[in-house]
Amino acid sequence: MTRLQEFDGNEGSGPGMSAVADDRAQLPVLIVGGGFSGTLLAINIARQGVPVVLFERDQAALAKGLAFGTRRPEHLLNVRAANMSAFPDDPGHFLRWMGFSDADQCNRFVPRLAYGQYLREVLINSLGQTRRPLHVRADDVVDLVETAQGVDAVLADGRVVAGRTAVLALGHCLPRLPAPLAMLPPPLAWADPWHPEALAGLRPDDRVVLVGTGLTAIDLILSLDRSGHRGPIVALSRRGLVPRAHLPSGPDVAQVPAPTARSTALVGAVRRRAAQVGWRLAIDELRPHTQALWRAHDARAQASFLRHLRPFWDVHRHRLAPEIGARLDALQAEGRLRFVAGRLVDASVDADAAVLHWRPRGSNAIATLAAARVINCIGPEGDIAQARQPLIQALLGRGAMRADVHRLGLDVDPQWRVIGHAGQANPRIHAVGPLTKGIAWEMIAVPDIRQQVWALARLLAGVATL
């Protein structure tokens, strides 16, 4: 790990004291955030011969981020190994790393911890093989300030690192408790499902309530089961929808033209296609066109999708490994797991239990549910105005960036440049990964981010345009 922390680039002694070369081309690209998006962008930029400085305060999460930093073997990828290469121009890269060659191996859903180790090794190998330096720093960037040469990264200790341009690769913002649960203290309730103490101290027969029924809830269910928990688990969401499972063997998806229909006509076309070939194949055929389809709809149509169709899209698009789907079925059959639909009303504390009051979907009656632990599994905070990172607050505070119209993340243009309060794109600051969902919609899965950072790296290196 010593090598991952070394850096010999130019620094100033404080804000505004940039010690930079006159030639901007000699300055590095500064990437803030060393999870999957930032790490892969850094590697791709360095492959183009451009110097890079990658900032990641949490060195344990370096290259892995939240999704691939898990240490639990029951947490599997929800994409088959064959489609998990880090590089779009080398689709077999991950398979070779895993030593997979036959079709059954390529169809496997491997543990996410293995993929995290893969990313870490790719980064370490890149540090020694690139034509230009790739440096990793365990510093906290608290501001990005534009200069005549480019942009300065201001560190928490007051030092400055000069760069030609900067990229925000901050991943997801930390989640917060839904308003009805806000008064519940830890350990009764946890806003962050990945907090080290979120599952600590539970008795084997305690009731656990998960607020949310998506992929995060599935991870928590699997972890509880693996740890020997035998008490009831209740997962609650407004519609009670649960992610569907992949087939044991994936459908062979042929490239099809982009749909020409829009809005409700597009929904109808997808339903008809699903009736012909099955819903999995119908959804998978859309994947290469999803971002273009999102951009082809105006903000009003996008908002309508988010309000009415997003939950249904999510559970069909973001699927589970078949073995996980089978385990969930078994837990439900045993009576240990329930998925319920309804809306939280409020919550209170009774002795050592949390008491939730909720309205079952389709009913006006209020039901009561007591639990030893309530864990928020709704997902990350999308509204960046609620983010607690000093860097985000600094840039928002002076209008250097703004939220997208749907508050899914940052407002960016098609070249992934952040857009400021006045509506102008900033040529010195870009963003990648989940922060860019507002313009891209599909930007949380490896295949989508992989393509995004590969294209942006070529743009920043001056070898391609977007």
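Mentor: Leaving aside residues up to four places away in sequence, L144 touches V32, V151, D152, A153, A166, L168, L391, L395, R398 and I429, where contact means heavy atoms within 4.5 Å. This is a predicted model, in which local features need pLDDT of at least 70 and side-chain atom pairs count only at pLDDT 80 or more, while totals for chains, interfaces and linings use all residues. Residues are numbered from 1 along each chain as its sequence is written, and side-chain values use heavy atoms, with hydrogens and water left out.

L144 is, together with I31, Y115 and L168, among the residues with the most contacts inside the largest nonpolar core, which has 75 residues. A nonpolar core is a set of buried Ala, Val, Leu, Ile, Met, Phe, Trp, Tyr and Cys residues joined through side-chain atoms within 4.5 Å, and buried means under 20% relative accessible area, with exposed over 50% and partly exposed in between (1.4 Å probe, protein chains only). A second, separate core of 24 residues includes L76, I221, A235 and L328. In soluble globular proteins, nonpolar side chains tend to be buried together.

Turning to the cysteines, the structure holds zero disulfides, a disulfide being a pair of cysteine sulfur atoms within 2.5 Å. C173 is in no disulfide, and the nearest cysteine sulfur, that of C377, is 18 Å away.
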